[in-house]
Amino acid sequence: WMPVVLIGSLAKRDRLMERLDRLVQYAVGKKIKPWVAVAIAVVVLLIKVFMQAVLNIYSNLDSFFVLPLLYGTVSLSRGIYKRCHRITKTLSLLGQCSLYMWLTHSVLNYAPIQNVLYRLRLPLLILGAALLVMLPVGYGLQKLEQFLKTAVQKLWKADIRPHNTQQNEKV
């Protein structure tokens, strides 16, 4: 799964989804764009199913499929949830914290709170409880990352390197 995570991180950093969205809109127009996005996701899913079911290829090709599938899914959800602001904000928050939630879930869910989560027995309740536990952790780590990035940028801008006065006097 690490290649998929890395590709997702690079896509976020370089804004690949926004670029692909503008490219598709430029190529087919604004009205047809959602249909093209859904078609892209469906074609990618069909290729993956065909490779596994017919060709018997089970290699980890998810890293090649993740961006077009994600683009189609995100475009579809944007179209559906465009009118419902609360759902959009919730999904956006989950998307911003998802990497940290995924990276820390095994440490927290398998050691200290696994017994508590699995007492709920129903998968949807377990998922909901795990999200309630992991969301604050992911949000906190995301805020910590933002703080550290800003602090490092301020340090670089402040030019805190010591000045060598002897070299300056010679010049």
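Is Thr104 buried or exposed? Thr104 counts as buried, because its relative accessibility is 18% and the cut-off for buried is under 20%. Keep in mind that what you're looking at is a predicted model.

**Thr104**
- You'll find Thr104 in helix H5.
- Its side chain reaches the backbone oxygen of Tyr100, at 2.7 Å.
- If you skip the neighbours within four places in sequence, Thr104 is in contact with Met134, Val137 and Leu141.

**Gly8**
- Gly8 has its place in helix H1.
- With a relative accessible area of 32%, Gly8 is partly exposed, so it falls between the 20% and 50% cut-offs.
- Gly8 and Ser63 are 55 residues apart along the chain, and 9.1 Å separates their C-alpha atoms.

**The largest pocket**
- The volume of the largest pocket is about 1,700 Å³.
- This pocket is lined by 34 residues, and the closest to its centre are Lys12, Leu70, Gly95, Gln96 and Ser98.
- Which elements give two or more residues to the lining? They are helix H1 (2–13), helix H2 (16–28), helix H4 (62–81), helix H5 (85–110) and helix H7 (123–158).
- Helix H5 gives the most to this lining, with ten residues.
- Sort the lining by class and you get 15 nonpolar, eleven polar and eight charged residues.

Technical notes: Residues are numbered from 1 along each chain as its sequence is written. This is a predicted model: local features need pLDDT of at least 70, side-chain atom pairs count only at pLDDT 80 or more; totals for chains, interfaces and linings use all residues. Side-chain values use heavy atoms; hydrogens and water are left out. On a 1 Å grid over the protein atoms alone, a cavity is a set of points where a 1.4 Å probe fits but cannot get out, and a pocket is an open set with protein on both sides within 12 Å along at least five of seven lines; lining residues have an atom within 4 Å of a point. Grid points are joined across faces, edges and corners, and a volume is the space filled by probe spheres set on the points. Helices (H or I, at least four residues) and strands (E, at least two) are DSSP runs, numbered from the N terminus. Ala, Val, Leu, Ile, Met, Phe, Trp, Tyr, Cys and Pro count as nonpolar, Asp, Glu, Lys and Arg as charged, and the others, Gly among them, as polar. Buried means under 20% relative accessible area, exposed over 50%, partly exposed in between (1.4 Å probe, protein chains only). A polar contact is a pair of N or O atoms within 3.5 Å; within protein, one must be able to donate a hydrogen and the other to accept it, and residues adjacent in sequence count only if both atoms are side-chain atoms. Contact means heavy atoms within 4.5 Å.
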